[in-house]
Amino acid sequence: MEKKCNKYESYFIFASKDDFEKHISECKDCSHEKLKQDKLSFLIKDSSETYRLLSSKQKIKKTLLKIACSLLLLVFAGTFAGIEIFNNYNYDYFINSSGISVISEQGLPTDDFGFFDYN
Ligand SMILES: [Zn+2]
């Protein structure tokens, strides 16, 4: 039985390109090993490209999700802030502690509610 050549790695790492290619052309085992390495290299390059495309799509999705969440948060915050202001809004600050309209204290005409009377 013929012994399998085990010089592929040594040639790949240490030999010059010409010596490596010369050995590959002469040695059937190393030629077969190079073919396997080339296939593996192609698969890695191919899958890395696929992963890169998936990764960029995921980044776009994540960015869109962040934007959507931010807008939703703004809408909720604005809605609840508006409800809170509406519920707490009163006209007490138009009236001073003695019950007299602040507007009438300024000498301006007021209606029955203490608001500025346009007429
Ligand atoms: Zn060989």
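Reader: Okay, what span should helix α3 have at 1.5 Å a residue, and how far apart are its end C-alpha atoms?
Author: This is a predicted model, to begin with. Helix α3 takes in residues 28-88, which is 61 residues. At 1.5 Å a residue the helix should span 90 Å. Its end C-alpha atoms are 88 Å apart, so the two values agree.

Reader: How many of the 61 residues in α3 are buried?
Author: The count is 2. Helix α3 is hardly covered.

Reader: What about E49, buried or exposed?
Author: E49 sits in helix α3. It is exposed, because 10 other C-beta atoms lie within 10 Å, and a residue with 12 or fewer counts as exposed.

Reader: How far is E49 from F116 in space?
Author: They are 72 Å apart, C-alpha to C-alpha. In sequence, 67 residues separate E49 and F116.

Reader: Let's zoom out. How many helices and strands are there in the protein?
Author: There are 4 helices and 0 strands. Starting at the N terminus, the order of elements is α-α-α-α.

Reader: Why call the protein more spread out than a compact globule?
Author: Look at the radius of gyration, which is 41 Å. For 119 residues the globule rule gives 14 Å. The protein's value is well over that, so the protein is more spread out than a compact globule.

Reader: What box do the C-alpha atoms fill?
Author: Roughly 115 × 25 × 25 Å, taken along the principal axes.

Reader: And what share of the 119 residues is buried?
Author: Buried residues make up 3% of them.

Reader: What about contacts between residues 24 or more positions apart?
Author: They account for 10% of the contacts with a separation of 6 or more.

Reader: Switching to α2. Where does K17 lie, and is it buried or exposed?
Author: K17 lies in helix α2, which covers residues 17-26. K17 is exposed, with 7 other C-beta atoms within 10 Å.

Reader: How far is K17 from N87?
Author: Their C-alpha atoms are 82 Å apart in space. Along the sequence, K17 and N87 are 70 residues apart.

Reader: Why does I24 count as partly exposed?
Author: I24 is also in helix α2. It has 19 C-beta neighbours inside 10 Å, so it counts as partly exposed. A buried residue needs 20 or more.

Reader: Which residues does I24 touch?
Author: Leaving out residues up to four places away in sequence, I24 touches C30, S31 and K34. The C-alpha atoms of I24 and Y11 are separated by 9.1 Å. Those two are 13 residues apart along the chain.

Reader: Now the other end. Where is Y118 found?
Author: Y118 is in the segment after α4, and α4 is 102-105. Y118 is exposed, with 6 other C-beta atoms within 10 Å. From Y118 to L64 is 51 Å, C-alpha to C-alpha, with the two 54 residues apart in sequence.

Reader: Last topic, confidence. Which element has the lowest mean pLDDT, and which the highest?
Author: Helix α4 has the lowest, at 81. Helix α2 has the highest, at 95. Over the protein the mean pLDDT is 87, and 92% of residues reach 70 or more.

Reader: What should I do where pLDDT is low?
Author: Predicted coordinates there should not be read in detail.

Conventions
Residues are numbered from 1 along each chain as its sequence is written. This is a predicted model: local features need pLDDT of at least 70, side-chain atom pairs count only at pLDDT 80 or more; totals for chains, interfaces and linings use all residues. The expected span of a helix is 1.5 Å times one less than its number of residues. pLDDT is the predictor's confidence in each residue, from 0 to 100. The radius of gyration is taken over C-alpha atoms; the globule rule is 2.2 Å times the number of residues to the power 0.38. Two residues are in contact if their C-beta atoms, placed from the backbone, lie within 7 Å.
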